[in-house]
Amino acid sequence: MSETVHFFASPEYLARAGTPQTPEEISDHNSILFRYPNGRIFNEVPFGQDMVLSVKGNLCVNNLSVCLEATLAGAGIAMMPLPFCQDYVKTGQLEMLFKDSAPYEGKCYLVYPSRRYISLASQRFIDHMLIELENCSQTATCNQIAKIRGAIKPLI
């Protein structure tokens, strides 16, 4: 599955720090950084299909929901999937930066052991995830809470 990823900031942050006019100016701003599970900090971010930008910031998160909350609170500029932020852009709580530039298109993979006999529970989980990822892709409702014997928040 592919996912377009853009830069977003709150109007409050942009009023305080200014709006970057070119992608190269992003390094002059406070970015909300993302930390991978292996501890690596994502401070070299892709832009478009052939460019990499260096970013720096004073907040590092490991959860997309926390990144969204920090961006809404005006902590800095964040790089997030469009479906995750679309409602906030519509209401004016977030602004998408560099609208005239092609977004970075990231890939999402579901990885599991390749075995001849996968347990029924694992197979049901894989089937569920494939359906949900397809629904997310087609309906742009990735930030909704799914209910299956309790709340499951998407990790997109």
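User: Let's start with C60. Which strand is C60 in?

Analyst: C60 sits in strand 6. Keep in mind as we go that this is a predicted model.

User: How should I read its exposure: is C60 buried, partly exposed or exposed?

Analyst: The general idea is a scale with two cut-offs: under 20% relative accessible area is buried, over 50% is exposed, and partly exposed lies in between. C60 has 30% relative accessibility, so it counts as partly exposed.

User: And which residues does C60 contact, leaving aside those within four places in sequence?

Analyst: For contacts, we look for heavy atoms within 4.5 Å. By that reading C60 is in contact with L33, F34, R35 and I41. A C-alpha separation is another thing to read: C60 and N43 are 17 residues apart along the chain, and their C-alpha atoms are separated by 9.8 Å.

User: Strand 6 also holds G57. Where does strand 6 run, by residue number?

Analyst: Strand 6 covers residues 56–61, and G57 is found there. G57 has a relative accessibility of 34%, which is why it counts as partly exposed.

User: What does G57 touch, not counting residues up to four places away in sequence?

Analyst: G57 touches N30, S31 and L33. As for spacing, G57 and F34 are 23 residues apart in sequence, with 10.0 Å from C-alpha to C-alpha.

User: Now a helix, please. Is T71 buried or exposed?

Analyst: T71 lies in helix 2, residues 64–72. The relative accessible area of T71 is 0%, and because the buried class takes values under 20%, T71 is buried.

User: Which residues surround T71 as contacts, leaving aside neighbours within four places in sequence?

Analyst: Here is the list: F8, A9, S10, I32, G76, A78, M80 and L94 are in contact with T71.

User: Which residues of helix 3 are buried?

Analyst: In helix 3, residues 82–90, the buried ones are P83, F84 and C85. Just after this helix, have a look at the backbone: G92 takes a positive phi of about 85°.

User: Which residue other than glycine has a positive phi near 55°?

Analyst: That is F98, whose phi is near 55°. F98 is placed in the loop between strand 8 (95–96) and strand 9 (104–107).

User: Is F98 buried or exposed?

Analyst: F98 has 12% relative accessibility, so it counts as buried. Reading both features together, F98 is a loop residue with a positive phi and a buried position.

Note on methods:
Residues numbered from 1 in each chain as written. Predicted model: local features only at pLDDT ≥ 70, side-chain atom pairs only at ≥ 80, totals over all residues. Heavy atoms only, no water. Helix = DSSP H or I, 4+ residues; strand = E, 2+ residues; numbered from the N terminus. Buried < 20%, exposed > 50% of the residue type's maximum accessible area, 1.4 Å probe, protein only.
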